[in-house]
Amino acid sequence: MMRPTYSFPEAVVEAIARDRYGHPDPRVQERMEILWLKSKNQTHGCIAELANVSRSTVQRVLRIFAVKGLDGVRSFGWKGQPSALTPHRATIEEEFRARPPHTAHDAARRIEERTGVRRKPSRVRKFLKDDLGMKCLKVAPIPVPPKKTVVEHARTQADFLKGGTGTEAGAGSGR
């Protein structure tokens with residue numbers, strides 16, 4: 001059986017050279033290093049030694065390149081596991097849009113009650129942010145000024161929200 005021959009046109013070699021150090025994924029950089037060494041007619045053993053990988057990795061990358069080209073070398077076919085919360089996404093979203101949870105712990109508790117799926121608050125927070133597009137809002141009470149009672153402060157806040165504070169620039173008391 002004859003060994004396959006690999007063709008490296010000038011444009012492909014330029015793309016390989018660019019991605020050897022410039023690609024954001026270090027695994028793609030490693031693959032491009034293997035292709036670059038192969039474009040310089042190095043043997044598989046020499047490529048494995050110089051790129052610090054096994055011979056089977058060299059052969060796998062060259063096989064991917066032969067079948068799928070540079071786009072195949074740049075991509076990884078990892079899909080990962082789907083979340084156990086994904087099938088319940090619509091009901092969770094509907095519930096939380098109507099009554100948003102106060103904390104991630106509250107959300108985890110409500111999700112477990114509704115779906116039976118138990119997740120840690122950190123996982124629930126990630127699910128809410130990444131899958132549902134929700135985000136945590138930091139809220140804090142407005143402190144009551146020291147010279148006012150709670151009732152006076154509430155009245156001032158209500159006036160402010162109505163827009164009739166009298167505290168805008170130039171609208172203060174006429175000293």
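Predicted model: local features only at pLDDT ≥ 70, side-chain atom pairs only at ≥ 80, totals over all residues.

1. N41 has a phi near 60 degrees, a positive value in a residue other than glycine. N52, likewise not a glycine, has a positive phi of about 60 degrees. As background, most residues other than glycine have a negative phi.

2. Where do these asparagines lie? N41 belongs to the loop between α2 (26–39) and α3 (44–51), while N52 is found in the loop between α3 and α4 (55–74). N41 has a relative accessibility of 70% and therefore counts as exposed. N52 is exposed as well, with a relative accessible area of 71%.

3. Helix α6 comprises 12 residues, 104–115. From its first C-alpha to its last it reaches 16 Å, close to the 16 Å expected at 1.5 Å a residue. Just after α6, G116 adopts a positive phi of about 85 degrees.

4. Which residues of α6 are buried? They are A104, D106, A107, A108, R110, I111 and T115. The buried residues of this helix pack against α5 (89–98) and α7 (121–130).

5. The salt bridges in the model number 13. One of them joins the side chains of R99 and E95, at 2.9 Å from N to O. E95 has a relative accessible area of 17%, and because the cut-off for burial is under 20%, E95 counts as buried.

6. A further salt bridge links the side chains of E112 and R118, with an N to O distance of 4.0 Å. E112 counts as partly exposed at 32% relative accessibility, whereas R118 is exposed, with a relative accessible area of 63%.

7. The side chains of D130 and K126 also meet in a salt bridge, at 2.5 Å from N to O. Why are these partners separated by about one helical turn? D130 and K126 are 4 residues apart in helix α7, so about one helical turn separates them. In general, an α-helix has 3.6 residues a turn, so residues three or four places apart point the same way. D130 is partly exposed at 46% relative accessibility, and K126 is partly exposed with a relative accessible area of 39%.

8. Finally, salt bridges that share partners join E95, R99, D106, R109, R110, E113 and R114 into one network.

Note on methods:
Residues numbered from 1 in each chain as written. Heavy atoms only, no water. Helix = DSSP H or I, 4+ residues; strand = E, 2+ residues; numbered from the N terminus. Buried < 20%, exposed > 50% of the residue type's maximum accessible area, 1.4 Å probe, protein only. Expected span 1.5 Å × (residues − 1). Contact = heavy atoms within 4.5 Å.
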